[in-house]
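Work through the exercises below with the sequence and the coordinates open. Each task is followed by a stepwise solution.

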Amino acid sequence: MPDYTLRIRRYNPESGEAAFWEDHTVEMKPHSSVLEAILKVKADEDGSIGIRCSCRAAICGSCGVRINGKPGLACNTHLDKAARRAAEGEPITVEPMGNMPVIRDLIVDMDAVHWKKIRRVTPWLINREPIPEREYIVPHENMVDVTQSMACIQCGACVSDCLSMEVDPHFIGPAALAKAYRFVGDPRDAEPFERLKDLAEDEHGLYDCTHCFNCIDACPKGVAPMSQIMRLRRRAGNDFEIEDRNNGERHEHAFVKNIQRNGLLHEADLLPDSYGGKLHPRAAPELIESMPTVIKAMARGKVTPAKALLHQHKAPKEVKEIFKTIEGRPERVELNLYISGYEDADAAESAPAVSASPADSADSVTESESE
Amino acid sequence: MKVAYWPGCVSRGFTPELHGSMAKVAPLLDLELIELDRAACCGAGVIAEHNQELADTLNARTFALAQLTDGELMMNICSTCQGAQSECQERLDANTEYREHVNANLAAESLSYEKGLTNKNFLWLLVEEIGLETLKAKVKRPLTNLRVGPFYGCYIVRPADRLGVDAEHPRDRYLHMVIEALGGTVIDYAGVYKCCGFPIVTMNKHASLTMAGRHLGDAIDAEADCLVVPCPLCHLNLDLQQPAASKVVARELGMPVLHLPQLVGLALGLEPKELGMSKHVVRPTAVIDWSSSVVAGAA
């Protein structure tokens with residue numbers, strides 16, 4: 001059996017000492033997991049290593065750590081794969097997840113961050129209908145849609161590497177927002193509007209996500225939290241036209257209108273429009289604050305006054321027509337690859353391809369399109 | 001090599017030096033650019049979060065226009081375009097019925113997107129089509145002793161599956177590889193794969209500029225001379241907004257940020273001025289001084 005060296009980050013806040021790295025070499029099969037290796041080190045060499053684990057089968061979500069700097073479950077990461085991904089000639093590094101305080105060694109305080117955020121989004125179904133005699137009937141597509149966020153095992157990997165949370169710890173974050181979509185997207189829930197309104201009114205809510213895709217790559221269960229956040233935004237901004245605290249909805253609408261008019265983005269218009277328009281009281285302080293940046297850009301010839309004021313490029317009429325047709329549909333058309341699958345990969349099982357926004361109502365789901 | 005060329009919006013808007021430098025560098029790499037001047041904005045992820053069909057249709061139109069040219073593939077110079085377009089293309093290629101539905105939106109122009117377009121950012125094209133050996137052979141002024149920090153940003157490396165990052169195509173190492181091929185020294189620092197913060201600059205300016213400021217500070221701590229970015233939106237937050245970011249993180253910055261074609265052009269012998277470096281908010285003095293010292297050394 002080959003040797004694998006783990007470089008484990010150790011930290012005991014009670015000791016008063018700084019965190020440090022410690023190397024341990026174990027002889028194990030290539031397909032053993034990083035968790036098994038840690039437990040072997042713990043059993044044979046140093047019982048004081050702190051690691052949280054339970055099921056060892058990627059179900060309980062307890063053993064979230066960073067392996068070679070990337071978040072994941074120690075129990076479903078094979079040693080050979082981890083060794084391949086380590087820096088050349090370097091051991092496999094194992095450290096606690098980020099964005100959460102470390103309790104000891106590889107154990108982070110999930111209560112302080114993750115669970116607090118989950119509780120924030122009312123993580124249960126709000127039902128107003130009388131309880132049916134038998135089970136609730138939910139259309140298949142709706143169920144598959146929310147199944148993606150239900151696949152979350154609360155391991156915290158996405159929270160660990162959320163780049164918005166890194167600079168703004170108040171951000172609700174990817175796990176909790178994915179959980180929010182699990183109920184917003186569920187046709188049995190009676191308060192999708194209230195839920196979205198609540199998230200939009202939170203200064204660190206719906207529009208704090210910066211599209212970095214880290215959570216999508218971090219998730220060991222394919223939840224794609226960022227995709228769920230984008231679904232929440234489509235529902236809030238487009239379907240319900242909920243104005244948020246952070247100019248998110250205004251920015252989105254300003255951007256869409258800007259492209260409809262110009263075909264190519266006219267940046268100088270986008271900024272004031274994102275705050276409600278050049279003459280809007282909200283825009284004035286923002287524009288004044290941006291003046292030094294704009295003046296500098298002009299001084300450098302990056303932006304000319306003509307370019308700032310006028311925009312030579314105008315959208316061709318065919319592009320304007322595309323906006324009119326699609327924005328004019330009574331319901332949005334959306335392809336959810338989680339529901340439909342990929343033709344080449346799974347041609348036989350492909351579900352109805354084109355569906356309206358999945359959670360609108362049971363009737364709309366199977367509609368192909370609204371032309 | 002002939003390519004259908006999609007420059008995006010920002011390279012012709014607030015970072016004109018990107019579009020300009022690409023035009024200067026292309027002939028030196030034997031690249032013929034067929035500009036897609038009728039195509040519209042990729043949506044930058046914002047249109048997709050408003051209406052997915054709309055974003056998919058605008059990009060299907062761009063892809064269809066690219067397929068009308070005799071370019072071998074489509075090339076872009078903006079990571080955000082690459083990411084937004086790859087996302088739309090994934091849906092369009094995955095499902096015939098959906099593709100036909102979107103193509104129906106283009107019928108008025110008699111355009112139609114056919115599954116399977118190859119769309120590569122200039123960075124990918126450099127490594128996968130031109131090749132690092134060919135690139136090395138073209139270097140006239142090796143970036144010797146120039147310490148360059150790669151800044152990948154998000155859209156060109158994540159999600160890894162969609163962006164085709166795998167063992168065969170280590171696209172998350174391409175900036176490193178190009179810097180080395182040009183003779184420069186790669187500086188690794190904490191921000192290499194982080195977000196510049198630009199997408200939330202109008203929503204949460206403080207968080208956005210904290211991101212930019214931290215990465216710039218980390219690059220300074222790692223003693224980089226400059227950063228290189230494959231995305232003009234990253235350039236806006238890291239360069240145009242750098243003075244504002246400096247205030248937010250309460251630290252002097254002054255880190256020059258180059259667009260990828262500028263860095264390549266410099267090594268291929270072009271002058272900083274013709275590559276538009278005078279248009280940067282943070283004057284790339286270290287880079288310009290370096291280039292003149294190399295020229296002086298050669299003389």
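This is a predicted model, in which local features need pLDDT of at least 70, side-chain atom pairs count only at pLDDT 80 or more, and totals for chains, interfaces and linings use all residues. Residues are numbered from 1 along each chain as its sequence is written, chains are lettered from A and ligands numbered from 1 in the order in which they are written, and side-chain values use heavy atoms, with hydrogens and water left out.

**Exercise 1.** Describe the backbone at A:R56 and state whether the residue is buried or exposed.

Step 1. Phi of A:R56 is near 60°, a positive value, and the residue is not a glycine.
Step 2. A:R56 sits in the chain A loop between α1 (34–44) and β3 (64–67); helices (H or I, at least four residues) and strands (E, at least two) are DSSP runs, numbered from the N terminus.
Step 3. Its relative accessible area is 53%, so A:R56 is exposed (buried is under 20%, exposed over 50%, partly exposed in between; 1.4 Å probe, protein chains only).

**Exercise 2.** Do the like for B:A250.

Step 1. B:A250, not a glycine, has a positive phi of about 50°.
Step 2. The loop between α10 (242–248) and β8 (257–259) of chain B holds B:A250.
Step 3. B:A250 is exposed because its relative accessibility is 70%.

**Exercise 3.** Which residues does A:S32 contact, leaving aside neighbours within four places in sequence?

Step 1. A:S32 lies in the loop between β2 (20–27) and α1 of chain A.
Step 2. With 10% relative accessibility, A:S32 is buried.
Step 3. Its contacts (heavy atoms within 4.5 Å) are A:T77, A:H78 and A:L79, leaving aside those neighbours.
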